[in-house]
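Here's a quick briefing to read alongside the structure. Take a look at the model first, then go through the points below.

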Amino acid sequence: MDRETVSKVAKVARLRLTDEETEQYAADLEDILSAFSVLDEAPAIEEYDLGPIKVEDVLREDVVYRDSDPAELREIMGTKDDWVRGPRLS
Amino acid sequence: MIPFPTVDGLQALDERHAVFCERIEDPLALEHGKFHFSAKDNLCARGFQARAGSRILKGYRPPFDATPIRKLREIGGLLIGKTNMDEFGFGTFSTNSGFGIPRNPFDTERCCGGSSGGAAAAASLIPEHLSLGVSTGGSISCPASFCGVIGLTPTYGRVSRWGLIDYGNSLDKVGLLTRTARDLERYLPVISGPDAKDPTSQSQPVLDMRGEVATVAVPAEALVGLSPEVASSFAEAVKELGRNGVKVREVRMPSLRYAIPAYYILATSEASTNLARYCGMRFGVMNHEFDQGFNDFFSETRSEDFGPEAKRRILLGTFSRMVGFRNRYYVKALQVRQLIIREYRKVFESCDAVLTPTMPFIAPRFDEIARMRPLEMYQADFLTVPPNLAGMPHISLPCGYSRGIPIGMQAVAPQWAEGSLVSLARSWEESFHYRFPEVTA
């Protein structure tokens with residue numbers, strides 16, 4: 001895990017790191033991943049799932065309700081003429 | 001590591017303490033079967049901020065109750081406060097919070113454990129108090145052990161996660177920290193059950209509070225790397241269980257050695273996607289300038305308001321999911337989870353529970369924690385991670401004291417068999433005397 005990889009990963013994760021942080025995380029992740037290489041020795045299993053129990057999708061009816069005051073929400077979100085403001089797209 | 005308190009800070013603390021005492025000591029509030037409880041700060045509750053220990057959520061006030069909080073309120077529970085925690089649950093000592101560090105009620109130079117550190121401290125300090133905690137990889141067992149209380153983590157899917165701020169969706173479980181088995185008997189059935197708002201809660205069989213632990217298995221792998229005081233307290237506790245008629249068998253569980261890497265790969269992979277939603281819009285802090293491009297805007301907020309451990313886990317999780325590494329790390333970790341589930345099931349063919357110490361050492365001092373490498377902190381979870389990875393219910397019970405500092409043992413039961421763990425807690429407290437910290441005004 002070198003500094004270059006950490007910088008690349010940080011960019012994907014939308015994190016801006018200082019040089020000092022990049023160096024520290026490179027060292028930490030190197031330490032962690034070399035210990036984790038023990039996973040290479042674990043036997044592979046054909047059947048596996050994304051969670052520890054079987055889960056089936058269950059659909060429910062939509063319930064309409066209002067949990068917040070729209071005026072308050074507009075205020076909190078700093079809206080302008082009923083538009084939600086955000087950063088520029090480019 | 002902990003900043004020296006200022007006079008203003010202490011006064012503010014005094015005022016908060018006075019309000020808090022009023023709430024818990026108001027006899028009128030507690031009549032008619034009412035009771036007080038607290039909730040870990042990653043559980044949403046109407047009327048309270050929900051910050052999950054993170055500065056990035058400062059100011060977020062959810063307009064709804066998480067399902068377990070709603071259910072406790074419906075039966076007369078008074079929510080008296082939210083408890084401090086490691087940022088998003090990322091930690092073993094509750095030292096990674098954006099809002100101060102809870103101190104161990106038995107020795108304020110020591111940590112509470114994590115990540116439900118505040119929840120354990122509240123259960124330890126306040127008589128007749130119920131704390132809602134959350135465990136992803138041991139965040140109920142660890143602080144329960146360090147603060148000398150009972151910590152019950154139910155089966156994955158037993159308690160609805162609706163209203164919980166996610167860490168790792170395939171691992172997060174809401175549970176209870178308290179002083180007595182009676183509270184588990186009362187409140188586990190209340191918070192359990194299917195909830196249409198959380199599909200993982202809908203596959204569960206009905207909670208059966210019967211069941212007992214007649215035979216326990218002690219894996220040899222769990223007895224390596226313990227501090228001498230934990231090893232001797234645990235050996236003593238095992239003898240005491242034997243005197244109470246519980247059969248003890250030694251077993252081997254060789255897959256446990258893969259649990260820590262598998263857990264940290266899965267948990268951080270899931271966390272790094274969950275945390276993508278915190279970008280300075282919609283939740284929490286929104287005080288940044290919009291006159292920059294969205295990539296710069298998101299990066300700025302996230303870089304300023306996530307703490308160092310959150311960043312470390314985001315980096316690890318993002319890396320594990322990247323093209324070229326996904327099969328080596330993420331997919332392998334999913335396979336290891338199945339391997340460990342199978343190994344537990346094999347042991348449960350002839351035993352009711354797997355018994356180990358909860359943590360390999362007593363609550364460390366803050367100066368000791370400051371000297372630990374991140375990897376060493378992760379490895380400290382080697383006893384609490386396996387049942388969490390496998391979605392098995394588990395309980396931490398106080399089982400000894402070293403120089404007055406509590407030590408815990410952890411029993412793991414088959415999925416959905418919480419009842420046997422509660423019965424173990426009940427019989428254990430009849431033979432082992434729990435101590436609680438003295439509080440002076």
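In what order do the ten strands of the open sheet in chain B line up? The order runs β2-β1-β5-β7-β6-β11-β12-β10-β8-β9, and the pairing is mixed. Keep in mind that this is a predicted model.

**The sheet in chain B**
- At the edges sit β2 (77-83) and β9 (247-251) of chain B, and each of these pairs on one side only.
- Neighbouring strands of the sheet are turned by 30° against each other on average, if you ignore direction.
- Helix α6 (residues 228-243) of chain B packs on the sheet, where it touches β8 (215-219), β9, β10 (353-357), β11 (394-402) and β12 (405-412) of chain B.
- The direction of α6(B) makes about 115° with that of β11(B).

**A closer look at β5(B)**
- Strands of a sheet pair through backbone hydrogen bonds, and they can do that in a parallel or an antiparallel way.
- With strand β1 (residues 35-40) of chain B, β5(B) pairs in the parallel sense over three bridges; B:Phe37 has B:Leu130 of β5(B) as its bridge partner.
- With strand β7 (residues 173-178) of chain B, strand β5 (residues 130-135) of chain B pairs in the antiparallel sense over five bridges; here B:Ser131 has B:Leu177 of β7(B) as its bridge partner.
- β5(B) is mostly covered, with six of its six residues buried.
- In a regular strand the side chains alternate between the two faces of the sheet.
- Both faces of β5(B) are covered: B:Leu130, B:Leu132 and B:Val134 are buried on one side, and B:Ser131, B:Gly133 and B:Ser135 are buried on the other.

**Where chain B meets chain A**
- The contact takes 52 residues from chain B and 42 residues from chain A.
- On the side of chain B that touches chain A, the elements giving two or more residues are α7 (259-274), α8 (294-305), α9 (308-320), α10 (327-348) and α12 (374-379) of chain B.
- α10(B) gives the largest share of that side, nine residues.
- Sorted by class, the side of chain B that touches chain A has 28 nonpolar, 16 polar and eight charged residues.

Note on methods. Residues numbered from 1 in each chain as written. Chains lettered and ligands numbered in written order. Predicted model: local features only at pLDDT ≥ 70, side-chain atom pairs only at ≥ 80, totals over all residues. Contact = placed C-beta atoms within 7 Å. Helix = DSSP H or I, 4+ residues; strand = E, 2+ residues; numbered from the N terminus. Nonpolar A, V, L, I, M, F, W, Y, C, P; charged D, E, K, R; others polar. Pairing = 2+ DSSP bridges. Axes fitted to C-alpha atoms, helices over the stretch in contact; angles between N-to-C directions. Buried ≥ 20, exposed ≤ 12 C-beta atoms within 10 Å, placed from the backbone.
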